Amino acid sequence: MKTRALPVLIAAVTSMAVLAACSGGTRAGSEGGSGDSRTLTLASVDQGSIQDIVKAFEKANPGVKVRYTTSGADQYQQQIRTQLSSGTAPDVLSVWPGNGNPAATYVLAKPGYLRDLSDRPWAAKLPDAMKSVAQYEGKTYNAVFGQNGIGAVYNEQALEKAGLTPPDTWTELLDFCKAAKAEGTPAFALGNQDNWVTQLVLYALVATTVYGEDRDFDKKMQAGRATFAKSPWTTALDKYLTMERTGCFQKNPLGTTYEASQQLAATGKTLGIVQGNWVTALLKGKNPKGTFTLKALPATDDASQTLIPAAAGAGYAVNAKAKNEKLALKFVDFVMSPEGMNLFVEKQGGLPALPDTGFAADPSLAELSKFIGSDRTVPFMDQLWPNPKVQQTMLSGLQEIFSGQSTPGKLLDEMDADYRSGS
């Protein structure tokens, strides 16, 4: 991820997922072979929002049909590299910024799997903070349409019923968890059965505990002058486990899927969920009458020190061997147009990547917008790690810690070893 805070984009004011990841495995669209010049094939992790984008694209292009699939991030990342290497990948595919996972920009552009999009009219307009994670060796490969933030997304009706308000400090957070537990409604849903979810609470805590003290921590890691194991990453991980021991989460997070965690938060079985802003639209889909608001997750007792992880979300790339390249380019250009971008981020509860789209931010993102505008954000931690192994080790290691099979010290040592192994 970026080693800088995102620029101010409130006027234009995310989506994806760290990570953006959505559950499911649905298939929809129209019939037609992928070689048909009027048919586009697409693989997406944006369940709950890609459907409306497809409808709008087809409406704007009469006669065009889009055949698409959606799947969760874990499944998607396992499959897409295999499809690309075997020549069976779709024309357009979800791709994450930077270098943090097997379906990230650097990882897929390096072997030549992605088409260079530098000639597209929107490429030069990307803010610098997004451009570097959408590019590989100076060329743009990822149509990054939104910004994401990670925090505590609260169910306002559940909060009111419990008589509680969102905490602003670490001590208040633990007291909040204890009070929620006493009411019989855990504070946060946690779907750690899907391993990508395990990182989100940790990232929210690392933002303040690590970067609040040292905004140059990533540069020091890259220069070999810092490590995970001998840094405040240990503090953040300890706070994560303290939250678990305090009862901040529902019973058996490892037995709870991302989908199930959404249901808990949406229906008031928990007071909220620690997730990216992309979950807001999914919660509203499960509870259309509900009101959901993203707040920072505090990690210290000084509220003025709190930072929010915020960065470019997953975008779309064009297969270098697309069977319908012309239509694929037309689709990513639509995604990056004001109409496509605003529709996407509105459905996902996010903020556009480009300014001047005329987008009115959802009130649920007021705090995220404020933090972005006041330079109180830091990158998602993985985007500029040297290889995807670091993140994969972290995800599986966090599951092992929750199951009692590993320890924080062991995990951070393993992450350091993978980091030092380079690209």
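Biologist: Which elements do the buried residues of α1 pack against?

Modeller: They pack against β2 (39-44), β3 (65-70), β12 (315-318), α12 (325-335) and α13 (338-348). Keep in mind that this is a predicted model.

Biologist: Which residues of helix α1 are buried?

Modeller: Helix α1 spans residues 50-60. Its buried residues are Ile50, Ile53, Val54, Ala56, Phe57 and Glu58. Here is the general idea for reading such a list. An α-helix has 3.6 residues a turn, so residues three or four places apart point the same way. Now look at Ile50, Ile53, Val54 and Phe57, which are among the buried residues of α1.

Biologist: Now a pair of helices. How do the axes of α6 and α9 cross?

Modeller: Start with the angle. Helix α6 covers residues 170-182, and helix α9 covers residues 233-246. Their axes come within 9 Å and cross at roughly 25°. Angles under 35 degrees count as roughly parallel. The two helices are therefore roughly parallel to each other. The crossing of α6 past α9 is right-handed.

Biologist: Which residues make that contact?

Modeller: From α6 come Trp170, Leu173, Leu174, Cys177, Lys178 and Lys181. From α9 come Lys239, Thr242, Met243 and Thr246. By type, the contact has five nonpolar, two polar and three charged residues.

Biologist: What does Met243 touch beyond its neighbours within four places in sequence?

Modeller: Met243 is in contact with Trp170, Leu173, Phe188, Val201, Leu205, Cys248, Phe249 and Leu297. Met243 also belongs to the largest nonpolar core, which has 101 residues. Met243 is listed among those with the most contacts inside this core, together with Phe188, Trp233, Tyr240, Leu297 and Trp385.

Biologist: Which helix gives the largest share of this core?

Modeller: Helix α7 (residues 198-209) does, with eight residues.

Biologist: Let me try single residues. Is Thr393 buried or exposed?

Modeller: Check the relative accessible area against the cut-off. Buried means under 20%. Thr393 has 16%, so Thr393 is buried. Thr393 lies in helix α15 (residues 388-402). Neighbours within four places in sequence aside, Thr393 contacts Leu411, Glu414, Met415 and Asp418.

Biologist: What about Gln75?

Modeller: Gln75 sits in helix α2 (residues 73-86). With a relative accessible area of 36%, Gln75 is partly exposed. Val45 is 30 residues apart from Gln75 along the chain, and their C-alpha atoms are separated by 9.6 Å.

Methods:
Residues are numbered from 1 along each chain as its sequence is written. This is a predicted model: local features need pLDDT of at least 70, side-chain atom pairs count only at pLDDT 80 or more; totals for chains, interfaces and linings use all residues. Side-chain values use heavy atoms; hydrogens and water are left out. Helices (H or I, at least four residues) and strands (E, at least two) are DSSP runs, numbered from the N terminus. Buried means under 20% relative accessible area, exposed over 50%, partly exposed in between (1.4 Å probe, protein chains only). Contact means heavy atoms within 4.5 Å. Axes are lines fitted to C-alpha atoms, for helices over the stretch in contact, and angles run from 0 to 180 degrees between N-to-C directions. Angles under 35 degrees count as roughly parallel, over 145 as roughly antiparallel, 65 to 115 as roughly perpendicular and the rest as oblique. A crossing is left-handed if the near helix is turned anticlockwise from the far one by less than a right angle, and right-handed if clockwise. Ala, Val, Leu, Ile, Met, Phe, Trp, Tyr, Cys and Pro count as nonpolar, Asp, Glu, Lys and Arg as charged, and the others, Gly among them, as polar. A nonpolar core is a set of buried Ala, Val, Leu, Ile, Met, Phe, Trp, Tyr and Cys residues joined through side-chain atoms within 4.5 Å.
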